[in-house]
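Dear colleague,

Please read them with the coordinates open beside you.

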Amino acid sequence: MPSVSFKVNGQRVNVDVPADIPLLWVLRDQLNLKGTKYGCGVGQCGACTVHVKGVPVRSCSTLATSVAGQDVITIEGLSADGTHPVQRAWEELDVPQCGYCQAGQLMTAAALLAANKKPTDADINAAMEGNICRCATYRRIRGAIHRAAELAAAGPSRAGSGAPRDRED
Amino acid sequence: MTTIAPVGRRAFLKVATLAGGGLLVAVYGPRLGVAARGDRPAADPLADTQLNAFIRFHDDGTVTILSKNPEIGQGVKTALPLIIAEELDVPWAKVTIEQAPLDPAVFGPQFAGGSTATPLNWDLLRRTGAAARAMLVGAAAKQWNVAAATCTTADAVVTHAPSGRTATYASLLAVAATITPPALDQVPLKDPAAYRLVGKPHKDVDIHKIVTGQPLYGIDVVVPGMHHAVYEKCPVFGGKLVSANVDEVRKLPGVTHAFVVKGGPALDGLLDGVAIVADSWWHAQSARGKLKVQWDGGATAATSTAGMDAKARELARAPLDKVTRNEGDVAAALAAAPMVVEAQYSYPFIVHAPLEPQNTTAEWKDGKLEIWSPTQMPQPGRDLVAKTLGIPPADITIHVTRSGGGFGRRLKNDYMVEAAQIAKTAGVPVKLLWTREDDFAHDHYRQAGWHFFRGAVDAQGQVVAWQDRMVYDEIGEADFPSRFVPNLRLEVSTPFHGVPTGALRAPGSNGQAFVVQSFVDELAFAARRDPLQFRLDMLRRQVTPPGPRDRFSAERMAKVLEVVRDRSGWGKTLPKGRGMGVAFHFSHRGYFAEVVEAGVGARGGLVIHQVWVVGDIGRQVINPINAEHQAIGGALEGISHALAQELTIDKGRAVEANFDEYALLRMPNAPPVDVFFHLTDNSPTGLGEPALPPVIPALCNAIFAATGKRIRKLPIGNQLSA
Ligand code: FES
Ligand code: FES
């Protein structure tokens with residue numbers, strides 16, 4: 001079995017893996033990082049989204065060997081203590097229902113905000129379209145992304161101007 | 001239908017001091033949800049009772065409340081303990097919630113289904129909290145030698161205002177344990193106007209764990225020495241295994257066991273298959289690619305959606321074999337009517353596809369089984385495992401994990417019994433995980449249905465005849481318009497098809513509402529009447545008094561219809577190409593009327609601008625955030641059904657295999673949903689389901705209003721561009 005070495009949430013790891021194994025299963029079953037979820041295995045639902053070099057990728061459809069030497073961030077490493085603006089906004093708006101899709105939603109949203117500090121509804125729709133929420137929490141996810149943008153602008157510890165209402169722009 | 005009995009006379013409390021301090025309050029009561037078995041006095045009250053809830057007080061002032069039912073995203077893990085905490089008068093911040101293990105002897109019925117958690121538990125849990133509070137007040141009164149009635153409680157403190165004395169609950173535990181528990185049916189309950197927790201928004205108790213990716217779900221379970229398993233079944237539903245190359249598969253990398261499992265005939269039990277167990281799930285799944293199995297599909301191999309469609313049309317030409325309602329004389333009324341409207345409707349099989357694929361972890365050790373499972377029905381799961389494996393239920397422990405969605409799929413425990421059998425045969429702990437493709441291929445699908453209508457309105461624009469021939473429909477009945485049309489006949493036929501089916505969020509109703517409320521719209525159009533006023537007029541013209549099986553109140557429905565009319569601005573002028581549609585439906589004890597505003601562009605592009613949901617679920621909304629989540633989620637799920645969901649059957653198997661071939665609603669198509677609860681003086685009822693059904697016909701009726709095109713077949717798919 002090939003061995004592959006990369007960084008996960010800032011820590012270097014070295015694992016022996018089957019040549020064809022997707023990153024998802026290495027994270028979940030070999031590194032015991034259960035936050036990243038399996039939903040479809042074919043790149044359709046986004047539940048398995050992680051960041052590789054800051055870019056959101058579907059770990060179910062990414063070969064583990066292809067991330068050799070790279071930086072991988074999972075939901076467990078999105079922040080040290082659950083205070084990334086998207087996490088704070090998600091809690092403030094009580095976004096989840098079953099919660100299963102939310103790690104993938106949060107990772108996709110965090111990558112969007114890193115690239116676009118003040119996304120419009122259309123920007124958010126385009127960025128989030130690949131993430132299925134079977135419980136259909138879509139409106140709250142969108143509201144929480146707007147709220148996270150406010151929180152991020154206000155700085156790490158200060159609150160923004162209150163949760164936005166469900167809206168179209 | 002289940003009778004929900006109020007908390008009975010024989011319910012009582014049991015109190016025990018906990019080792020290391022603290023007080024445990026347990027409520028015993030007659031089983032809820034089962035009609036009383038006469039008034040036979042029980043010699044030993046425990047022999048006929050069950051323990052329904054637990055409160056654990058701790059010396060440090062914190063309280064642990066056990067949540068008895070499975071959490072599948074419907075919010076019970078927050079809502080049920082909230083009811084206890086309200087009457088108990090403890091601050092929510094001091095409460096820790098624990099998921100109760102499966103132990104129906106202790107907790108009473110534990111399941112998630114039928115929007116029953118609120119109606120089955122509302123009364124009992126209030127009384128549980130109130131009784132515990134009464135004992136703490138009693139303890140303080142005894143210590144202070146004052147009348148209990150002169151004491152008040154707030155924030156886990158008892159106060160005697162006249163003397164200015166206070167005592168924390170924690171300081172009263174030892175004395176409280178000596179107080180005789182009050183009879184549950186006599187304990188005074190709070191005036192709802194004084195509620196501090198119930199009716200106020202409370203976030204999901206697990207939210208921090210969810211947003212930080214902590215393990216919570218069945219798929220996240222790890223036990224020492226755990227292996228990983230996959231299970232291959234016949235693609236034709238219920239097919240039998242003839243032979244398999246398990247000896248070759250066993251030699252593949254990482255594979256530790258590969259064996260044939262012989263199952264039975266029940267589609268929701270253990271079916272024939274091949275188990276592959278490996279050191280990792282990826283190895284097990286990879287080995288599956290080399291598996292060669294010969295199957296015998298049996299009679300079901302001839303089933304197809306197209307064949308069912310042809311069969312339904314053929315059958316509906318003549319009266320069907322079973323008549324479920326017959327009022328007046330439909331044939332005569334249709335013959336005499338100046339105009340008869342005829343229409344054929346159908347809706348397809350659809351999948352549940354909760355986002356967490358089916359999985360269960362099982363360990364067989366010393367003749368006992370331990371199971372960790374995301375299930376909506378742990379007790380029937382245990383019974384199924386016990387029966388199939390020949391183990392006494394007492395030797396099976398079930399841990400219920402949070403579920404990544406349920407929607408009715410996890411009412412069936414097929415994946416649980418598979419994991420149990422594989423663990424027992426392999427002799428190692430295993431986590432069985434289905435792929436999404438397994439889930440599509442082996443769901444218990446929402447039943448497809450075909451309806452053949454004939455209806456008539458008279459010169460005054462009133463409905464005088466309604467005939468519905470239903471083929472393959474899973475209920476074969478209708479709460480409405482039964483009783484509201486003088487000549488009405490419902491017939492049903494359910495030929496064999498062999499496809500496994502099961503309850504999916506608002507079962508029966510999710511198809512019935514579409515056909516009934518669409519055909520009502522057709523009659524309103526034929527009568528040249530406003531479709532909303534036409535419905536109000538129908539509801540106000542009850543022609544047959546309600547019989548014992550009629551549960552539907554026309555007054556409550558008419559009211560929500562009026563409220564949604566006003567909230568949506570029904571009748572307002574809309575731009576060209578836009579329309580509003582309305583529908584209502586009664587299900588799971590809830591009354592819902594909904595309006596959709598939608599537009600269709602020149603090339604058939606559909607835009608849903610807004611949905612209005614108005615529901616009557618009784619006098620109390622327990623957790624408003626969650627209630628809104630459930631209502632919005634239900635409405636958006638209905639839209640998802642309507643837009644594109646369709647599972648085709650061909651040669652006795654599912655055709656679509658994953659989300660690339662089967663479209664679920666995604667963010668850009670999720671419209672804003674306005675939710676309003678119209679409170680009425682009725683017992684609070686559940687919300688998982690009843691908001692879903694009306695949105696489908698409301699959308700289709702909006703499309704008709706916008707374009708003149710009537711959607712008679714779901715999903716809408718590309719019908720608008722044709
Ligand atoms: S599991 Fe990777 S996109 Fe669905
Ligand atoms: S919250 Fe259940 S899938 Fe998104």
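Over all chains, the structure, which is a predicted model, holds 52 salt bridges.

B:Arg710 forms a salt bridge with B:Asp521, and their closest N and O atoms are 3.5 Å apart. Because B:Arg710 lies in the segment after α17 (695–707) of chain B while B:Asp521 belongs to helix α13 (residues 509–526) of that chain, the pair ties together parts that are 189 residues apart in sequence. B:Arg710 is buried, with a relative accessible area of 10%, and B:Asp521 is likewise buried, with a value of 5%.

A further salt bridge joins the side chains of B:Asp616 and B:Arg556, with 2.7 Å from N to O. This pair also links distant parts of the chain, since B:Asp616 sits in strand β25 (residues 606–616) of chain B and B:Arg556 in helix α15 (residues 554–568) of chain B, 60 residues apart. Both B:Asp616 and B:Arg556 are buried.

Where the side chains of B:Asp650 and B:Lys651 form a salt bridge, the closest N and O atoms are 3.8 Å apart. Here B:Asp650 counts as partly exposed, at 35% relative accessibility, whereas B:Lys651 is exposed, with a relative accessible area of 52%.

Finally, there is a network of salt bridges in chain B, in which B:Glu86, B:Asp89, B:Arg133, B:Lys190 and B:Arg196 are linked.

With kind regards

Notes. Residues are numbered from 1 along each chain as its sequence is written. Chains are lettered from A and ligands numbered from 1 in the order in which they are written. This is a predicted model: local features need pLDDT of at least 70, side-chain atom pairs count only at pLDDT 80 or more; totals for chains, interfaces and linings use all residues. Side-chain values use heavy atoms; hydrogens and water are left out. A salt bridge is a side-chain nitrogen of Lys or Arg within 4 Å of a carboxyl oxygen of Asp or Glu. Helices (H or I, at least four residues) and strands (E, at least two) are DSSP runs, numbered from the N terminus. Buried means under 20% relative accessible area, exposed over 50%, partly exposed in between (1.4 Å probe, protein chains only).
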